[in-house]
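Dear colleague,

Please find below the structure that I am handing over to you, together with its sequence. My notes on it follow.

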Amino acid sequence: MTTRRSSGILWRMSPKPRKPPIDKAAIRERLERARAEHLLVWICRWIPNSDSIRGFVVGHGKKWVLVATHIGGAQPDGWTLLRIRDIQAVQLHVASEHLEEKALKLKGLWPPASPEAEISLGDTASAITDAAAAAGPLLAVFTEFREPDACWIGSVISTDLDVLTIREISATAEWLQKPRTFDLDDITRIDVGDDYAATLHLVSSA
């Protein structure tokens, strides 16, 4: 992941590609089965050049799904929130005790954990506010239709129905003076509670 400094450039979005047809009910059924049965999933999205996400579904709502992610399959590394409307396919790994499950059980980390505080997944503003409170203090914001290879990391200053404002931190753990704002409709993914963000916060506080 990378962070970007404000450049003063006005970004113009190219027209979004046409969304391929998907069965929304089937997507939600697979997400619910994955959550209920603690199944390992591989989530692919129709956003061009976006990452696929591998992990365990620990919550889903009207607009967002919450996925527990792991380093090397067995070391917890926070959570990723994805917009359900962007999901093209959910692959379920139903084999009995795959490698990740065996490793997590041996480490006493099974089933995959949710954040200590509940995260509302019904609307973007609530999801961001709750995620920052539950797994903060830093979160990574992705706007993958604009820049699929970039994210911005920082602490939440404010959210309303339309805009998120963060205090951004650089890749060298320096706090930037100018707040960064995002249109909530442009946000496609949020990462919280991961080791990289924790490391940035630790260094910035030293």
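I begin with I190. Setting aside neighbours up to four places away in sequence, I190 is in contact with W79, T80, L81, I128, L139, A140 and V141. Please bear in mind that this is a predicted model.

I190 also belongs to the largest nonpolar core, which has 24 residues. Within this core, L81, L164, I187, I190 and V192 are the residues with the most contacts. Two or more residues each come from β3 (64-71), β4 (75-83), α3 (124-135), β6 (139-142), β8 (163-169) and β10 (189-192). The most is given by α3, with 5 residues. Another core lies apart from this one; it has 15 residues, including V41, V67, L82 and I87. As general background, nonpolar side chains in soluble globular proteins tend to be buried together.

Turning to aromatic rings, the structure contains 3 aromatic pairs.

The last point concerns P148, which is located in the loop between β6 and β7 (152-159). Is P148 buried or partly exposed? P148 is partly exposed, because its relative accessible area is 23%, whereas buried would require under 20%. Leaving out residues up to four places away in sequence, P148 touches P48 and N49. In sequence, P148 and N49 are 99 residues apart, yet their C-alpha atoms are 6.1 Å apart in space.

With kind regards

Terms used: Residues numbered from 1 in each chain as written. Predicted model: local features only at pLDDT ≥ 70, side-chain atom pairs only at ≥ 80, totals over all residues. Heavy atoms only, no water. Phe/Tyr/Trp six-rings, centres within 6.5 Å; stacked < 30°, edge-to-face > 60°. Core = buried A, V, L, I, M, F, W, Y, C linked by side-chain atoms within 4.5 Å. Buried < 20%, exposed > 50% of the residue type's maximum accessible area, 1.4 Å probe, protein only. Helix = DSSP H or I, 4+ residues; strand = E, 2+ residues; numbered from the N terminus. Contact = heavy atoms within 4.5 Å.
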